[in-house]
Amino acid sequence: MQIQDLGDKILNGDRRALARAITLVESRRADHRAEAAALLDHLRMAGRQAVRIGLSGTPGVGKSTFIEAFGMMLTAQGLRVAVLAVDPSSARSGGSILGDKTRMERLSRDPMAFIRPSPSQSHLGGVARRTREAVELCEAAGFDVILIETVGVGQSETVVAEMSDLFILLLAPAGGDELQGVKRGIMEMADIILVNKADGDLKPAATRTCSDYAGALRLLRKRPQDPEGFPKAMMVSAQTEAGLTEAWVEMQALIRWRRENGFWDRRRADQALYWFDQEVRQALLARLETAAAKSAMADLSARVAAGDISPAVAAEEMLRDHLGK
């Protein structure tokens with residue numbers, strides 16, 4: 001299929017064309033990468049934007065259940081919702097279960113929703129290697145809200161914040177101990193903390209957890225991109241759908257304030273610079289994966305191990321001969 005034809009179908013909201021395009025951008029083949037770049041350039045001219053919401057949280061916090069309930073609420077309001085869910089890949093086989101569509105059975109049947117699970121392929125950052133480009137494709141296809149689910153939460157699982165307009169951290173009641181090692185770093189990035197499972201016997205624990213995190217947020221240094229009262233902690237229940245409407249109202253208020261005060265466009269520009277830097281770094285690293293580079297690396301490694309050349313000189317020679325051209 002011609003790139004322009006594929007692009008036009010995506011702009012017209014063709015879901016099958018969108019799925020094919022995401023498969024294209026996820027490919028590592030050189031010819032597919034060139035086609036993907038041409039496709040994204042073609043679509044970028046449309047200038048469409050969606051609200052990008054990154055969602056992170058510890059395993060078992062109920063991310064999939066929350067996304068389904070939240071997504072169903074948004075589609076009921078007439079909004080088109082895309083979900084880009086990332087499943088961890090096996091370190092042994094490289095495979096993934098990709099079970100998010102199974103966990104989001106109702107949402108997967110909603111004609112206003114589109115769910116695309118992708119393997120993380122051992123890529124750090126909690127998102128797949130090409131999730132950012134998949135986000136751009138979904139924007140071009142006319143989706144209003146894009147939910148980006150990460151594989152978990154941790155110091156490396158924060159790349160999603162570099163492709164989101166809002167970064168939402170999901171917590172379980174009394175789940176603070178799970179975040180001890182990364183709490184400050186992830187909290188400094190979160191725009192809204194949602195304490196999930198605030199229902200039944202867990203509601204008192206959820207209330208305490210929400211209060212604890214609300215207090216902790218007040219102690220953090222105020223960020224220029226936040227209006228008064230943000231970031232904030234709220235309680236929700238994906239099971240009973242309590243608090244979902246209130247959470248969406250707060251998200252919209254934050255989005256509106258950032259747009260009116262210039263932070264929305266500035267953030268998008270900063271993110272574009274971040275990904276430009278990442279693309280350059282990845283391209284340089286890819287040069288070391290060629291057969292010639294691997295052979296030279298093995299030869300220099302043997303010389304370093306034998307003491308014939310220092311590590312610094314060997315590294316300089318390697319970089320000059322294979323990255324300096």
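Buried here means under 20% relative accessible area, exposed over 50%, and partly exposed in between, with a 1.4 Å probe and protein chains only. The model is predicted: local features need pLDDT of at least 70, side-chain atom pairs count only at pLDDT 80 or more, and totals for chains, interfaces and linings use all residues. Residues are numbered from 1 along each chain as its sequence is written, and side-chain values use heavy atoms, leaving out hydrogens and water.

The whole structure holds 5 aromatic pairs. Rings of Phe, Tyr and Trp (its six-membered ring) pair if their centres lie within 6.5 Å; planes under 30 degrees apart are stacked, over 60 edge-to-face, and the rest tilted. Phe 114 and Phe 143 form a tilted pair, because their ring centres are 6.0 Å apart and their planes meet at 40°.

## Other aromatic contacts

Tyr 274 and Trp 275 make an edge-to-face pair, with 5.0 Å between centres and 90° between planes. Tyr 274 is partly exposed at 26% relative accessibility, whereas Trp 275 is buried at 10%. Phe 66, Phe 70 and Trp 248 are linked into a cluster by ring pairs.

## Charges over rings

The charged end of Lys 232 sits over the ring of Phe 230, 4.7 Å from its centre. Arg 266 lies over the face of Phe 263, 4.8 Å from the ring centre. The criterion is NZ of Lys or CZ of Arg within 6 Å of the ring centre and within 35 degrees of the ring normal.
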